[in-house]
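Me: I am new to this structure. Please walk me through it in short questions and answers.

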Amino acid sequence: MESDHVRSLPEELERKDRKTKMEKDIAVLGVGAHPWGKFKDKDFVDLAVIAANEAFKDAGMGWKDIQAMVCAETVWSGKSGLYAGQFVSRALGSTGIPAVNIQNGCASGAVALAIAAMMIKSGMCDIALAVGGDVSPEGFLPALAGEDPLSPDSLRFTAIGATNPVHWALDCRRRMEEYGTTEAHLAKVKVKNSKYGSSNPLARYRKVFTLEEVLNSAVVCYPLRLYEICATSDGGGAVILSSMEVARRYTSRPVILAAATLGNLVYGDPTVQIGSHVAYKVNSSVPMASEVVQSSRKAYEEAGIGPEELDFAELPDNSSWHELMYMEALGFCGPGEAEHLLDDGATELGGKLPINASGGFASFGEAVAAQGLLQVYEIVRQLRGAAGPRQVEGAKVGFGQVYGAQGNAGTVIVKK
Amino acid sequence: MDSPKEQIPVAEGVFTWPSDEPCLIGSRCETCGEHFFPRAKSCQNPDCPDKGDVKEVLLSRNGKLWSYTVQHYAPPPPYRGPVPLTIGLVELPENLKIMGQLTDCREEDLKIGMDMELVIEKLFEDEEGREVVTWKFRPAQAGKK
């Protein structure tokens, strides 16, 4: 007798048929964001709600039109932050729709978006909201209570004293040794991003830095200087997705989510990863930032394009080193070539592939739960031609990448 | 005359202590030969053909400096050690680069590739006057003490 879990052949064929009929294209109907900064009178719920309300207005709909919600968690607000979706739902008015909480570190915003897209693709719903708000502690991100004393995330504090920037500095010094990256290269990334942040009304920092100012700033952990490491901020972001069929009821020119993919660390990754390891491979066939390689390669495949077809990109410049290394990890250029592209102006507005025309983490600081959604906000504004003085000419295909501690990553590709 | 302070490890099971020749405690998979630090409960290599037994092993005490940096600002709690502090990655023959504080050296004397050796040294003194010790690396000394 057949056991229950074995499907019969007709059932299997019917399942495959349903899958091919599934909506392939997902539309981005609306985006919203609360400016980045430090707001003593606002908690993460307030920031998320303000962003969501802007997204509803942008999409021409209301909260009651949302059929499912995916909310990026924050670990900085106790249990409320872990139940972020329920807290945000209650603030908007509980309608009983599914609200999923996402914890993937600093990749949570992009992961929330990917899960919302999957909900629509699966046929579970037609309209979904991805949202996140965060209130970050000042200074170095601290440990949490209750950690296993033998976990790498404990030992890095108790036995070593390795802050997040230490990890980046260790890889960055090695990069200088191997590829000849200079202190000026690191400073240049900040200078470029600060130029763009100065004309972004959402950005926390609006000062345009000179090379000298960055190079004269205090060394935090060599080779990384104060102005080459992003701050931590409060912020909120929201994105409304729908099936293409539903999108056409709201707009005649929907912007398309061509890819929203996830990735995780691969065993043997030689990158000095935060929180998951205190010992790392030396000789390895696994590429650096393997989680980012995983998510981005899947994104190129899902969108049916290669990196050469991107018009602009938003990268996670937690430090200047990141922007350089990520250009290579994402396949924008070969190993050791990132500095040349930077020197040639290829990653500036007007160049072949503007990077962080938003101003990047350099101008915003990082609000963990919301950052990935902020990138989508920027990408959509660029595609609509609404980026003002920071407009990427002829923007048609935009790329966003975030990564998080413990080897999390999320990639988005949005096109029109 | 001062009696020597009691020394306790910052975490149990990460290095042998007390010991005249302390070592980091790691694991090695009997099947695929991969090494892990700190100790692992099972093989973390997804390509291990057998997900075999991991056995506790003592890691090499000597290696080469892979990279280093000086942290100028105080790390957040629960860190209780000195500030500023030097942190490096030391490459061991087990194909692992181990993170740890660097000691007995000035930043200007450090060079990528130099020989380093493991030591166990004071991190801070606790409320009961005991020295809490951790693993560190120092430039390899010619001739043992």
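Me: In which sense do strand β11 and strand β12 of chain A pair, and over how many bridges?
Reply: This is a predicted model. In it, β11(A) spans residues 397–404 and β12(A) spans residues 408–415. One facing pair is Gly398(A) opposite Val414(A) in β12(A). The two strands pair in the antiparallel sense, over 8 bridges.

Me: What is the order of the strands in the open sheet of chain A?
Reply: Strands of a sheet pair through backbone hydrogen bonds, either parallel or antiparallel. Here 9 strands take part, and the pairing is mixed. From one strand to the next, the twist averages 20°. The order is β3-β2-β4-β7-β1-β8-β12-β11-β10.

Me: Which strands stand at the edges of that sheet?
Reply: An edge strand here has a single partner strand, so one of its sides is left without a neighbour in the sheet. Two strands of chain A are in that position: β3 (99–102) and β10 (312–314).

Me: Which helix packs on the sheet, touching β10, β11 and β12 of chain A?
Reply: The helix covers residues 371–383 of chain A. Its contacts also include β1 (26–37), β4 (127–134), β7 (234–243) and β8 (255–264) of chain A. Its direction makes about 170° with that of β11(A). The helix is α15(A).

Me: Are α8 and α12 of chain A roughly parallel or roughly perpendicular to each other?
Reply: Helix α8(A) is residues 183–197, and helix α12(A) is residues 320–329. Their axes come within 8 Å and cross at roughly 95°. Angles of 65 to 115 degrees count as roughly perpendicular. The two helices are therefore roughly perpendicular.

Me: Which residues of α12(A) does α8(A) meet?
Reply: By class, this contact has 4 nonpolar, 2 polar and 2 charged residues. On the α8(A) side are His185(A), Leu186(A), Val189(A) and Lys190(A). They meet Ser320(A), Trp321(A), Glu323(A) and Leu324(A).

Me: Which element gives the largest share of the side of chain A that touches chain B?
Reply: In total, 32 residues of chain A are in contact with 36 residues of chain B. The chain A side divides into 23 nonpolar, 5 polar and 4 charged residues. Elements giving two or more residues are α6 (152–160), α7 (164–179), β5 (219–221) and β9 (279–281) of chain A. The largest share, 6 residues, comes from α7(A).

Me: With which strand of chain B does β9(A) pair?
Reply: The pairing is in the antiparallel sense, over 3 bridges. Within it, Ala279(A) stands opposite Ile98(B). The partner is residues 96–102 of chain B, strand β7(B).

How values were computed
Residues numbered from 1 in each chain as written. Chains lettered and ligands numbered in written order. Predicted model: local features only at pLDDT ≥ 70, side-chain atom pairs only at ≥ 80, totals over all residues. Contact = placed C-beta atoms within 7 Å. Helix = DSSP H or I, 4+ residues; strand = E, 2+ residues; numbered from the N terminus. Nonpolar A, V, L, I, M, F, W, Y, C, P; charged D, E, K, R; others polar. Pairing = 2+ DSSP bridges. Axes fitted to C-alpha atoms, helices over the stretch in contact; angles between N-to-C directions. Parallel < 35°, antiparallel > 145°, perpendicular 65-115°, else oblique.
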